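Dear colleague,

Please find below the structure that I am handing over to you.

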Amino acid sequence: MANTQRVTISLPTKVVDDLNFISKTAGISRSAFLSALLTESLPPMIPLVQIAASASKDGDNRRYRGAAIEFIDAAISRLASGSEALQDDLFSK
């Protein structure tokens, strides 16, 4: 069994509803679903985050609420786009 660590996160109600639907329909726990999803999606983002962090002047952690939502959504979109492009480049040969 892999080492695990419990974390607490806050999610918008719609996200929790979608997560509940997916996990119930797939017959797996929310934790198992998120673990599998994040295990695949996070590693390709690490180099992109490192590059972005080294260029960033605003190192403050932001919470997903208020005015920060637009900033975080844009940052995640850029990371996802960069990750997809990186994967396309890696697996195109």
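Leu-19 has its place in helix α1, where helices (H or I, at least four residues) and strands (E, at least two) are DSSP runs, numbered from the N terminus. With a relative accessibility of 8%, Leu-19 counts as buried; buried means under 20% relative accessible area, exposed over 50%, and partly exposed in between (1.4 Å probe, protein chains only). Ser-29 is 10 residues from Leu-19 along the chain, and the C-alpha atoms of the two are separated by 9.5 Å.

Please note that this is a predicted model, in which local features need pLDDT of at least 70 and side-chain atom pairs count only at pLDDT 80 or more, while totals for chains, interfaces and linings use all residues. Residues are numbered from 1 along each chain as its sequence is written, and side-chain values use heavy atoms, with hydrogens and water left out.

On confidence, the chain averages a pLDDT (the predictor's confidence in each residue, from 0 to 100) of 76, and 66% of the residues score at least 70. Confidence is highest in helix α1 (residues 13-26), with a mean of 96, and lowest in helix α4 (residues 68-91), with a mean of 65.

As for the overall arrangement, the chain contains 4 helices and 0 strands, giving the pattern α-α-α-α along the sequence. The chain has 93 residues, of which 10% count as buried. Its accessible surface is about 8,100 Å², and carbon and sulfur atoms account for 58% of that; accessible areas come from the Shrake-Rupley method with a 1.4 Å probe, and for residues, only the protein chains shown count as cover.

I now return to helix α1. Does its length agree or disagree with what its 14 residues should span? At 1.5 Å a residue they should span 20 Å, and the end C-alpha atoms of α1 are 20 Å apart, which agrees; the expected span is 1.5 Å times one less than the number of residues. After α1 comes Gly-27, which has a positive phi, near 75°.

Ser-23 also belongs to helix α1 and is buried, because its relative accessibility is 8%. A polar atom of the Ser-23 side chain lies 3.2 Å from the backbone oxygen of Asn-20. For reference, a polar contact is a pair of N or O atoms within 3.5 Å; within protein, one must be able to donate a hydrogen and the other to accept it, and residues adjacent in sequence count only if both atoms are side-chain atoms.

Which side chains meet in a salt bridge? They are those of Asp-18 and Lys-14, at 2.7 Å from N to O. The term requires a side-chain nitrogen of Lys or Arg within 4 Å of a carboxyl oxygen of Asp or Glu, and the structure holds 1 salt bridge. Side chains of opposite charge can pair when their charged atoms come close. Both Asp-18 and Lys-14 lie in helix α1, 4 residues apart, about one turn of the helix. Asp-18 is partly exposed at 33% relative accessibility, whereas Lys-14 is exposed at 56%.

Val-15, another residue of helix α1, is partly exposed, since its relative accessibility is 38%. Together with Val-7, Ile-9 and Leu-11, Val-15 makes a nonpolar surface patch of about 350 Å². Patches are made of residues with over 30% relative accessible area and no salt bridge: like charges are joined within 9 Å, and nonpolar side chains (Val, Leu, Ile, Met, Phe, Trp, Tyr) within 5 Å.

Yours sincerely
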